[in-house]
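Hi,

Here is the structure I promised to pass on. Have a look at it first, and then read on for what turned up.

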Amino acid sequence: MPPDWPRGRTASGRPADQRLASPVEPAPDDTDAAVTVRPVMENRAPSGRPLSDPGVVDRLGADLRAAGYSADGVTALLGDSAHRALGRGELAPALRATRDRSRLATLTRLFLLGAAEDEPVVRRVLPRTGVADALAQGVLERDGGRLRAALDIRPYGADAEEFLLVSDLDSDTRPGPVRRDHVLGVGAASITLARAVIREPVDRALDIGTGCGVQSLHLASHAGSVVATDTNPRALALAAATARLNGQQWDLREGSMYEPVAGEAFDLIVCNPPFVIGAGEMRFSYRDSGLAGDGLCQALVEGIRPYLRPGGTGHLLANWIVREDTDWRERVGEWVARTGCDAWVVQREMADPAEYVGLWLTDAGEDGKSAGADAERAVTLAQNWLDYFAAERVKGIGMGTITLRRNDSGSPSVTLDELTGAGEDVTGAEAAGFLRRRAWTEQRTDAQLLASRLALCPAVILEQRSLLGHEGWTTVLRMIRRQGGPGATLQLDQWGQSLLAGCSGTVPLQVLVDLLATAHGLSPEALAAAVLPSIRVAVIRGLLEPA
Ligand SMILES: C[S@@+](CC[C@H](N)C(=O)[O-])C[C@H]1O[C@@H](n2cnc3c(N)ncnc32)[C@H](O)[C@@H]1O
């Protein structure tokens, strides 16, 4: 997400392959007459901290697990077709597949499909938790004579592990604006960040703006300890429930940005902040920072250094303002330059203001399209937001990932890439490889590079474009590409193509340069000077690797 341009129906919504359900109003021809899925205009869950009783959390976890409420279990129950339909936001096939009211089916209907169920049926599937405690702890709520979920509790499969995640029900499930302290579930942005994090063993990790705790769940698999912070007490309550449901222990702290960890330092910091850019209003805590423009993202980036241990890494999702007549690299480049850290910044998308505003109004259920929604207010909100962008001369909003590594050498390296292609996502493995390879090339003089043995990465392919002329086909473009590598492309001339063809890791690069120069009557020094810049890029991008 993110972040990448969010790919779900809503901006923070789950990508299709992650969401087990996308509850919406039932289709008119819903085959299941007994089900009640109707718009709820406001979230009526108790305003206090839900699931604050650890005993109830434990009993709830036991009930869910006893029924086989896992990603695999639910997928098998629904079948491929209904599961895929849920990914498209179509509810009816999943409701049909869960009509038997088995324990797993009923839990799925409650917590994934947003259905209201009869109390005796719910009582049967939550024998340890009990309906009274589930109501008191904000897990369930009454809906007429029936019961429905007041929280989103869903299986989450990641890194070959199974987790249970607690968050608030999103605006798909509860049409109408979400609550001000809404706690976001796993969305496209969450997944984008989780994938971008380098998963190497570390001692201390920090998750800023933990929300439902999804990033901390991942961190716990490779960090000795996890500190998770948030400004929203409700988020901290749900994160505590998520941690406990999964047998994990995090140090949860309330506060803004780096305030709760003043004077401490970490090997790894991850942050999926409320990055949405606006005039500085604070309407939803998961989305709005309360600072005007991209001030929060700027402050998070610029402030990170003291909180990183030497060599420590930070991964942030961010949005940034791109003003008319400017390049996005100027603004974000200044942020990272002030950290003195090594940086790899990737802009994955730039949205135009209207697209951006529409997306986020829909995300919070404020687009005026839901049943009973205030269409006039939606127009006012959109106009005010667009007026702000116009006054700030915003031509677009950039979205991307920022990877920072504390470098105490005094000469940090910064790369800013615009990578908008499908399949060019920044993954932890790619980020680790990029930082390592860039450091490797920077530590080598030209003479040392010529003395090294380099091998073309096996996944590299050569693409050529040719034009037909008087003498047949003439190659006008040569490009090598490592499939799936973000920014892993390099345009070559004929010399570069010949040289790389010889890079099998068996002889030093200098030998290949000499052979090529001799064959074409060129000066080896001049040829080396001409090709070495491309060789450096090829190594940094993982096209060539030291043998
Ligand atoms: C977009 S959500 C991210 C949730 C989760 N980490 C994820 O990856 O899905 C942003 C979270 O940051 C919290 N937050 C908002 N302002 C903050 C601030 N100034 N400092 C720390 N956290 C903040 C919000 O309450 C919310 O839980």
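**Starting from Thr 108**

Thr 108 is buried, since 27 other C-beta atoms lie within 10 Å of its own. You'll find Thr 108 in helix H4, residues 103-111. Beyond the residues up to four places away in sequence, Thr 108 touches Val 74, Leu 77, Thr 98 and Leu 113. Take Leu 77 from that list: 31 residues separate Thr 108 and Leu 77 in sequence, while their C-alpha atoms are 9.3 Å apart in space.

Before going further, please keep in mind that this is a predicted model. The chain has 547 residues, and 47% of them count as buried. Its secondary structure comes to 18 helices and 18 strands.

**Around the ligand**

How many residues surround the ligand? There are 23, and the closest are Ser 190, Gly 209, Gly 211, Asn 232 and Asn 272. By class, the shell around the ligand has 13 polar residues, nine nonpolar and one charged. Three elements each supply at least two residues of that shell: helix H7 (188-196), helix H8 (214-219) and strand E7 (223-230).

Ser 190, one of the residues closest to the ligand, is on the list of buried residues of H7, along with Ala 188, Ala 189, Ile 191, Thr 192, Leu 193, Ala 194, Arg 195 and Ala 196. What do these buried residues pack against? On the helix side, the partners are H8 and helix H14 (428-442). On the strand side, they are E4 (152-158), E9 (266-271), E10 (308-323) and E12 (394-405).

Is Pro 273 buried or exposed? It has 22 C-beta neighbours inside 10 Å, so Pro 273 counts as buried. Leaving out neighbours within four places in sequence, the contacts of Pro 273 are Ile 208, Gly 209, Ser 289, Leu 296, Cys 297 and Leu 300. Gly 209, in that list, is also one of the residues closest to the ligand. Pro 273 and Asp 288 are 15 residues apart in sequence, and 9.0 Å lies between their C-alpha atoms.

**Helix against helix**

Two packed helices are described by the angle between their axes and the distance between the axes.

H1 and H9: the axes of helix H1 (residues 54-66) and helix H9 (residues 233-245) come within 9 Å and cross at roughly 50°. The two are therefore oblique to each other, and their crossing is right-handed. From H1, the contact uses Pro 54, Val 57 and Gly 61, and from H9 it uses Ala 241, Arg 244 and Leu 245. Sorted by class, that contact has four nonpolar residues, one polar and one charged.

While you're on H1, look at Asp 63, which is found in that helix. Asp 63 has 19 C-beta neighbours inside 10 Å and so counts as partly exposed; the cut-off for buried is 20 or more. Apart from residues up to four places away in sequence, Asp 63 touches Val 125, Leu 126, Pro 127, Arg 128 and Thr 129. Asp 63 and Leu 107 are 44 residues apart in sequence, with 9.5 Å from C-alpha to C-alpha.

H12 and H13: helix H12 (residues 353-363) packs with helix H13 (residues 375-391) at an angle of about 140°, and their axes are 10 Å apart. That angle makes H12 oblique to H13. The crossing here is right-handed. H12 brings Pro 353, Ala 354, Val 357 and Leu 361 to the contact, and H13 brings Ala 378, Leu 381, Ala 382, Trp 385, Leu 386 and Phe 389. The class count for this contact is 10 nonpolar, no polar and no charged.

H16 and H18: helix H16 (residues 494-501) and helix H18 (residues 524-540) have axes 10 Å apart at an angle of about 75°. These two are therefore roughly perpendicular to each other. In the contact, Trp 495, Gly 496 and Leu 499 of H16 meet Leu 527, Ala 530, Val 531 and Ser 534 of H18. By class, the H16 and H18 contact has five nonpolar residues, two polar and no charged.

Cheers

Terms used: Residues numbered from 1 in each chain as written. Predicted model: local features only at pLDDT ≥ 70, side-chain atom pairs only at ≥ 80, totals over all residues. Near = placed C-beta within 6 Å. Helix = DSSP H or I, 4+ residues; strand = E, 2+ residues; numbered from the N terminus. Nonpolar A, V, L, I, M, F, W, Y, C, P; charged D, E, K, R; others polar. Axes fitted to C-alpha atoms, helices over the stretch in contact; angles between N-to-C directions. Parallel < 35°, antiparallel > 145°, perpendicular 65-115°, else oblique. Left-handed = near helix turned anticlockwise from the far one by under 90°. Contact = placed C-beta atoms within 7 Å. Buried ≥ 20, exposed ≤ 12 C-beta atoms within 10 Å, placed from the backbone.
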